[in-house]
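Reader: I am new to reading protein structures, and I would like to go through this one slowly. Could we take it question by question?

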Amino acid sequence: MTVERADRESEIMSRLSDVGALTVSSLAADLGVSEVTIRGDLRTLEQQGMLVRTRGGARPTTLKNILQREQLNIEAKTRIATAAAAMIRDEDAVMLEAGTTCAMIARHLSNRRGLQLVTNSALVFNNARINPNLSVILAGGVFRRESESFVGPVAERAINDFNARIAFLGTDGFSPERGLTTRFVEGAQVASLMRDRAEETWLVADSSKFGQAGFVSFLPLNGITGIITDSGLPEGAVEALQEHTQVCVV
């Protein structure tokens with residue numbers, strides 16, 4: 001029995017996530033289609049940035065697609081986003097940077113009134129635009145698919161026009177030694193600028209990011225107001241972080 005194309009693509013991505021690499025021949029046999037069909041599926045997924053084709057198969061992209069990352073640690077991210085949203089007041093001016101946890105904050109603002117929200121994240125915008133109580137300013141710029149965000153000089157100039165009471169940043173990794181880190185220089189510049197334009201700045205990051213290090217260190221821990229994270233941190237981590245900034249564990 002063959003599998004429909006959409007189901008095949010979903011299955012291919014699921015298997016890539018589990019095993020790390022796949023062959024055309026094994027996929028064709030398992031999914032009941034020809035190798036030509038599988039090559040077409042892999043070509044389509046590569047064009048979408050979901051995988052990289054190799055000789056005879058495929059491997060994951062170096063960076064997980066953000067839509068895949070949205071499915072990771074959902075329970076912890078929800079608790080973090082809820083705690084962050086509780087810090088936002090009616091009539092507030094807020095900045096939300098790119099990231100799956102930042103995007104979830106926008107879902108928890110339905111009971112706030114008169115909010116001004118500035119973001120460079122397409123995910124944040126998608127969650128915020130349905131809320132009539134939010135006035136949303138989306139920074140333009142170069143669109144980066146890996147993070148569903150707008151970066152570069154145009155985005156930076158747009159953000160620099162606004163002031164916020166509170167900002168929330170995402171990260172690819174954080175630690176007392178390296179501070180906040182990310183894989184992309186452009187994203188680091190946007191996040192740093194949001195910190196500069198806000199009265200207080202909080203990192204929202206689940207515990208799996210602790211100890212991880214992206215390519216660019218862009219803010220020290222003592223350069224932000226605090227961190228909202230979950231209880232999965234390793235022993236001693238909270239105390240080490242508290243030497244540099246506030247820590248809210250949810």
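Reader: In this predicted model, does Asn131 count as buried or exposed?
Author: Asn131 sits in the loop between helix H7 (122–128) and strand E6 (134–138). Its relative accessibility is 9%, and the cut-off for buried is under 20%, so Asn131 counts as buried.

Reader: Which backbone nitrogen lies 2.9 Å from a polar atom of the side chain of Asn131?
Author: Leaving aside residues up to four places away in sequence, Asn131 touches Leu109 and Ser110. The polar atom of its side chain, however, lies 2.9 Å from a backbone nitrogen that belongs to Asn133.

Reader: What is the order of the strands in the open sheet of three strands?
Author: The edge strands, each pairing on one side only, are strand E1 (22–23) and strand E2 (51–54). Two bridges join E1 to strand E3 (residues 57–60), and these two strands run antiparallel, with Leu22 standing opposite Ala58 in E3. The order is therefore E1-E3-E2.

Reader: About what angle does the direction of helix H3 make with that of E2?
Author: Helix H3 (residues 35–47) packs on the sheet, where it touches both E2 and E3. Its direction and that of E2 make an angle of about 135 degrees.

Conventions. Residues numbered from 1 in each chain as written. Predicted model: local features only at pLDDT ≥ 70, side-chain atom pairs only at ≥ 80, totals over all residues. Heavy atoms only, no water. Helix = DSSP H or I, 4+ residues; strand = E, 2+ residues; numbered from the N terminus. Contact = heavy atoms within 4.5 Å. Axes fitted to C-alpha atoms, helices over the stretch in contact; angles between N-to-C directions. Buried < 20%, exposed > 50% of the residue type's maximum accessible area, 1.4 Å probe, protein only. Polar contact = N/O pair within 3.5 Å; in protein donor to acceptor, adjacent residues only side chain to side chain.
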